[in-house]
Amino acid sequence: MSSDEADVLDGLGNKIFQEPSDYYPPPKPATFESKTLQTGEALRLRLVGHNPLWGHHLWNGAQVVTDYLYDHARDLVHGRTILELGAGAGLPSIATAIWGAKQVVVTDYPDEDLVENMRMNIDAAKDVLPRSADIVAKGHVWGASTETLLSCLRPGWCGFDTLILADLLFNHSQHAALVSTIQSTLVHLPHARALVFFTPYTPWKFDKDMAFFDLARKGGFRVVKVVEKIMDKVMFKDDRGDELLRRTVFGYELSYEHTGSQ
């Protein structure tokens, strides 16, 4: 290489390896979904434009578990502490805050866009949230330390009464991490419940979805099926596999096999 060529390259620096400013497509804009709760409150939920963690959808599991929480609010919501994992838009969490939960912590992977989106949805619901509502958004990696989540609780509380997991089971490699997080956050009392609702979006892997519950049983939980609801249509019409399964939301309650006194 001549000295002149070296001078040219030195002048270019790293620019020679940089893509043009319009090389990548622009990020997709946020979208919005409207949801009217059974008690009449209208929510306008913001969904991130696109996210590799699937936070850009309002999942069927989140909508059906919200209905279930309303139907069982006396036991699962009123005066209870709530933790949602992998919340996306946070629909169930916001609903429980409206319906009288004592405290709500809504979480997703600690991606800046996801966490900020949850905070935006909480803020957008301020007109329908009670003045006493206590709801915060946090980032959390399943299986990691839950100290930050537990520190959100008021003094004297050592765990959450109700956990919400909606449409998370397709992450088969994360099942053990999810069970670990449930074990370390669900209060060890008879009334405590973890709600696990999901649709088998890849029906040929249904057995792998269901393997989560085998892990949960081994982890000391009683598993009870509480819901099987067929939706009007599939979420992803171009997907393959059994359409009826892809339209069905299954709901399970997890509780401890052995607990302390209340």
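In this predicted model, Cys152 has a relative accessibility of 19% and therefore counts as buried, the cut-off being under 20%. Cys158, in contrast, counts as exposed because its relative accessibility is 61%. The structure contains 0 disulfides. A disulfide is a covalent bond that joins the sulfur atoms of two cysteines.

Strands E1 (residues 31-36) and E2 (residues 42-47) are paired in the antiparallel sense, with 6 bridges between them. Within this pairing, Phe32 lies opposite Arg46 of E2. The two strands form a hairpin in which 5 residues separate E1 from E2. Gly40, located in the turn, adopts a positive phi of about 100 degrees. Asp127 belongs to the loop between helix H5 (112-124) and strand E5 (135-139). With a relative accessibility of 72%, Asp127 counts as exposed.

Helix H7 (residues 175-185) includes Thr181. This residue counts as buried, since its relative accessibility is 0%. When residues up to four places away in sequence are not counted, Thr181 touches Leu85, His140, Trp142, Gly143 and Thr146.

Helix H8 (residues 206-218) comprises 13 residues, which at 1.5 Å a residue should span 18 Å; the end C-alpha atoms are 19 Å apart, in agreement with that expectation. Asp209, Phe212, Phe213 and Ala216 are the buried residues described for H8. These residues lie on the same side of H8, because they cover an arc of only 90 degrees around the axis. An α-helix has 3.6 residues a turn, so residues three or four places apart point the same way. Asp207 and Lys218, on the other side of H8, are exposed. The buried residues of H8 pack against H7 as well as strands E7 (193-198), E8 (221-230) and E9 (248-256). After H8 comes Gly220, which has a positive phi near 100 degrees.

Trp59 and Phe236 are both buried. In a further pair, the ring centres of Tyr68 and Phe197 are 5.4 Å apart and their planes stand at 55 degrees, so the arrangement is tilted. Because Tyr68 is in helix H2 and Phe197 is in strand E7, this pair ties together parts that are 129 residues apart in sequence. Both Tyr68 and Phe197 are buried. Ring pairs additionally link Phe198, Phe206, Phe212, Phe213, Phe250 and Tyr252 into a cluster. Phe212 and Phe213 of this cluster are among the buried residues of H8.

Note on methods:
Residues numbered from 1 in each chain as written. Predicted model: local features only at pLDDT ≥ 70, side-chain atom pairs only at ≥ 80, totals over all residues. Heavy atoms only, no water. Pairing = 2+ DSSP bridges. Helix = DSSP H or I, 4+ residues; strand = E, 2+ residues; numbered from the N terminus. Buried < 20%, exposed > 50% of the residue type's maximum accessible area, 1.4 Å probe, protein only. Contact = heavy atoms within 4.5 Å. Expected span 1.5 Å × (residues − 1). Arc of directions from axis to C-beta. Disulfide = S-S within 2.5 Å. Phe/Tyr/Trp six-rings, centres within 6.5 Å; stacked < 30°, edge-to-face > 60°.
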